[in-house]
Structures are given as structure tokens and as C-alpha cells.
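Here is a short tour of how some parts of this protein pack together. Have the structure open and follow along.

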Amino acid sequence: MTDSRPKLREVVVVEGLHDKQRVDEAVDAEVLILGGDRVSRRTVDLLRRAVQVRGAIVLTDPDGAGERIRRRLDQLVPGLLHAHLRKASATSSRGVGIEHASAEDVRRALIEARGRETPRAEQGSGETPEFTLDDLARHRLVHHPDAASRRERLGEWLGIGYGNAKAFLHKLNAYGVTREAFEEAVRRLDG
């Protein structure tokens, strides 16, 4: 019997053992388990080496704790790729988490993360960011009663996940979202 799972060169970073089990069902990859929201110096060193040699993809739960872990890792380890699952795809009667998603949804999120461009303009990099707060305001993604739900849907469609206005703006600029993809997603949102 042949293994039909796609083989990933990148290391996949998850929060816990059950998340690893779901990733193992979805793809053939080395998986690093964080084991909580504290990230050890050893783990940071491993991730930095992985990013340089083979790449690393972060796949955390689509909840507040998962987003905090993702932001922390992004600060500590430049160059990480990010895979996102919609909250609805990772929710069961037992809770929210990668372990509750289907193997197919996990596979799709990881493959999509591999195909994204590398980050462009990071804050403080000296480059002019593609997106500004004006873009968010113009498309009712900030300072509007429906702004949070609009950001959530747009983030799902763009594959960058949810964030408050500041975090969402950072994700647009850091995760390789093109102006064309953004405008198309906004048209879909408004349509």
C-alpha cells in the first residue's frame, strides 16, 4: 500500500499531541509540538534552524490562545509560514482546535501556506507597507459596527485568519497578500 499523503519538506509546528496526530493523518511531515504557550530557547533555536534549512509552517488553533502563540513565534522566529483553519472547520462539540478539523482541511491549509509569497514589508523594515489603516477604513474593516465579522470572513478567504484591526493590518502586509487578492476578497464580501 502506498502512502497517499503529500510529503512536506517544511517542519509543521502545532500546539499539542492531538494536533500532531491530525497533521500526521493529513500529510507526511516532521511535526514539532510546542506543548503550550511557553516557547523554550531550545524550540526557538530549532525553529530558526528549520526556517533556514527547510522552512517551517505554524498551524495553531483558531482561537485567542492560538493567535497569541502565533504572534509570539513570529516575533521570535522571522520567516515562518502560517497555515490557518477557519474556526468553523476546527470546531466540534468538544471544543475548538486543530484536532477537531478534518485531515482534508488540515492538508489544504498546509498546502496553501506553502504557496504563499514570503513576507514583504514588515513593520520597521524601512519598506512602505502595501496596506494601511485607510484601506481597512475604506472597506469597513475598522470603525464600523460589522468590522470584526467582516475581518473574520475576509481573513478566512485570504487564508490569514482573524485579527483585531492592528493584527489584521499586520497580517495583510506580512503574509504576502496581494492588492488584487485583497480587492477580489472585498468584492466577494460586499457581493
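In this predicted model, R150, R153, L154, W157 and L158 of α6 meet a set of residues in α8: A181, F182, A185, V186, R188, L189 and D190.

**How the two helices pack**
- Two packed helices are described by the angle between their axes and the distance between the axes.
- Helix α6 covers residues 147–158 and helix α8 covers residues 179–190; they pack at an angle of about 130 degrees, and their axes lie 10 Å apart.
- The crossing in which α6 passes α8 is right-handed.

**The largest nonpolar core**
- In soluble globular proteins, nonpolar side chains tend to be buried together.
- The largest nonpolar core here has 21 residues, and the members that touch the most others are V12, V23, L59, L85, V106 and L110.
- Two or more residues of this core come from each of β1 (11–14), α1 (17–26) and α4 (103–115).
- α4 gives the most, with five residues.

**A closer look at L85**
- Leaving aside residues up to four places away in sequence, L85 touches L59, P62, A90, I98, A101, D105, V106 and A109.

**A second core**
- A separate core of 16 residues includes L136, L158, A165 and V177.
- L158 is also one of the α6 residues that meet α8.

Technical notes:
Residues are numbered from 1 along each chain as its sequence is written. This is a predicted model: local features need pLDDT of at least 70, side-chain atom pairs count only at pLDDT 80 or more; totals for chains, interfaces and linings use all residues. Side-chain values use heavy atoms; hydrogens and water are left out. A nonpolar core is a set of buried Ala, Val, Leu, Ile, Met, Phe, Trp, Tyr and Cys residues joined through side-chain atoms within 4.5 Å. Buried means under 20% relative accessible area, exposed over 50%, partly exposed in between (1.4 Å probe, protein chains only). Helices (H or I, at least four residues) and strands (E, at least two) are DSSP runs, numbered from the N terminus. Contact means heavy atoms within 4.5 Å. Axes are lines fitted to C-alpha atoms, for helices over the stretch in contact, and angles run from 0 to 180 degrees between N-to-C directions. A crossing is left-handed if the near helix is turned anticlockwise from the far one by less than a right angle, and right-handed if clockwise.
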